[in-house]
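Please look through the sequence and the model first.

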Amino acid sequence: MSQPDPPTPARRGRPRKAGGGGDTSESILDAAEDLFSKHGFYGVTIREVAREAGVDTALVHYYFTAKKGLFDAVFLRRAAIWNNERVDAINRYAQAAGDQMTLEGLFEAFLQPPFQWSLKGGPGWKHYAALVAQTNANPAFGGETMARYFDPAIRRLIELIKQIMPHARDVDLYWAYHNLSGALTLTLGETGRLDRLSNGLCRSGDLETAGAYMVRFAAAGFRAVCAEPDAG
C-alpha cells in the first residue's frame, strides 16, 4: 500500500487525557480503551477504569451505566470512523475505476483506512486495533459485536467483489473474507508474534509493508477460493 510520505509509526502507550469537565466522558473512554486493549473485557473493572481516568466510579456509571455499555461506547467511537472511511474509499475507487476494477485496487482502498489510522492516529488507535483483534476472536460476544459495527462495510465490499467476480459463489466469498478478516485483525494487533517467528526478519509493527503484502495475499486468495468453475 503506497503512500507518498509514510508517517512515523505511532507507539502504544497511555493516551493523553482530555482536559476540562466537558471532556470527562472522553477521558473515561480513553482509559477504558487502553485497559480493554491490554486485558480484555473480562480483565477490567469499572473501578480500574475510573482510577486510570482520574474520576470517581460514579461518573463512569453515570455516563455508561455498566461495563458492557462502556465497552460498546469504546468500540463504537472509532468503528464509525474506520468503517465510514472504508466504505467511502471503496465507493470512490469503484466509481473511478468503473469496468477496470481489480481486486488489488479494491482491497487497497478497503484496507488503507485501518492501516493508516493505526500508523498515524496515535496511541488510541493502536489500542483500538488491538481491541478489535481481541473482539474478533471472542466467542462470547465477538460475533455479535463485530456484526453490529462492521458488517455494513464488509457487505459493501463483497458487493463490489461480485462485480469483479460475477461467477463467485456466496459461500466462497464469505469464507475468503473470513480468512482476510483474521489476517487483518491479527496484523493490526501488532502482537510481536511475527517478529519471533521470523527471528527479526519481519516486524509486526511495519504496517506499511504488512498492508502491501495483505493486498496481494487477499487478491490471490479470493481468486483461488472463488475460482470460476470449469466449463466442462
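The model is predicted, so local features need pLDDT of at least 70 and side-chain atom pairs count only at pLDDT 80 or more, while totals for chains, interfaces and linings use all residues. Residues are numbered from 1 along each chain as its sequence is written, and side-chain values use heavy atoms, with hydrogens and water left out.

Side chains of opposite charge can pair when their charged atoms come close. Here a salt bridge is a side-chain nitrogen of Lys or Arg within 4 Å of a carboxyl oxygen of Asp or Glu. The whole structure holds 14 salt bridges.

| Glutamate 26 | Arginine 77 | 2.8 Å |

Helices are DSSP runs of H or I with at least four residues, numbered from the N terminus. In the salt bridge of glutamate 26 with arginine 77, glutamate 26 belongs to helix H1 (residues 24–39) and arginine 77 to helix H4, so this pair ties together parts that are 51 residues apart in sequence. Through shared partners, salt bridges join Glu26, Asp30, Glu33, Arg77 and Arg78 into one network.

How accessible are the residues of these pairs? Buried means under 20% relative accessible area, exposed means over 50%, and partly exposed lies in between (1.4 Å probe, protein chains only). Glutamate 26 is partly exposed because its relative accessible area is 33%. Arginine 77 has 18% relative accessibility and therefore counts as buried. Glutamate 33 and arginine 78 are both buried.

Another residue of H4 (residues 67–97) is aspartate 72. Its relative accessibility is 16%, so aspartate 72 counts as buried. Contact means heavy atoms within 4.5 Å. Not counting residues up to four places away in sequence, aspartate 72 touches Arg148 and Tyr149.

**H1 against H3**

How do H1 and H3 lie relative to each other? H1 and helix H3 (residues 57–64) pack at an angle of about 100 degrees, and their axes are 10 Å apart. Axes are lines fitted to C-alpha atoms, for helices over the stretch in contact, and angles run from 0 to 180 degrees between N-to-C directions. Angles under 35 degrees count as roughly parallel, over 145 as roughly antiparallel, 65 to 115 as roughly perpendicular and the rest as oblique. H1 and H3 are therefore roughly perpendicular. On the H1 side the contact is made by Thr24, Ser25, Ile28 and Leu29, and on the H3 side by Leu59, Val60, Tyr63 and Phe64.

**The nonpolar core**

A nonpolar core is a set of buried Ala, Val, Leu, Ile, Met, Phe, Trp, Tyr and Cys residues joined through side-chain atoms within 4.5 Å. The largest one has 64 residues, and those with the most contacts inside it are Leu70, Phe75, Phe107, Phe150, Ile161 and Phe222. H4 gives the most to this core, with eleven residues. Leaving aside neighbours within four places in sequence, isoleucine 161 is in contact with Leu103, Leu106, Phe107, Leu173 and Phe222.

**Residues in loops**

Glycine 98 sits in the loop between H4 and helix H5 (103–120). With 35% relative accessibility, glycine 98 counts as partly exposed. Its C-alpha atom is separated by 9.9 Å from that of glutamine 163, 65 residues apart along the chain.

Glutamate 190 is in the loop between helix H8 (170–189) and H9. Although not a glycine, glutamate 190 has a positive phi of about 45 degrees. This residue is buried, with a relative accessible area of 18%.

The loop between helix H9 (193–197) and helix H10 (207–225) holds cysteine 202. Cysteine 202 counts as partly exposed at 30% relative accessibility, and touches Leu194 and Asp195, not counting residues up to four places away in sequence. Asparagine 199 lies in the loop between H9 and H10. Asparagine 199 has a positive phi of about 55 degrees although it is not a glycine, and is exposed, with a relative accessible area of 73%.

How values were computed: Helix = DSSP H or I, 4+ residues; strand = E, 2+ residues; numbered from the N terminus.
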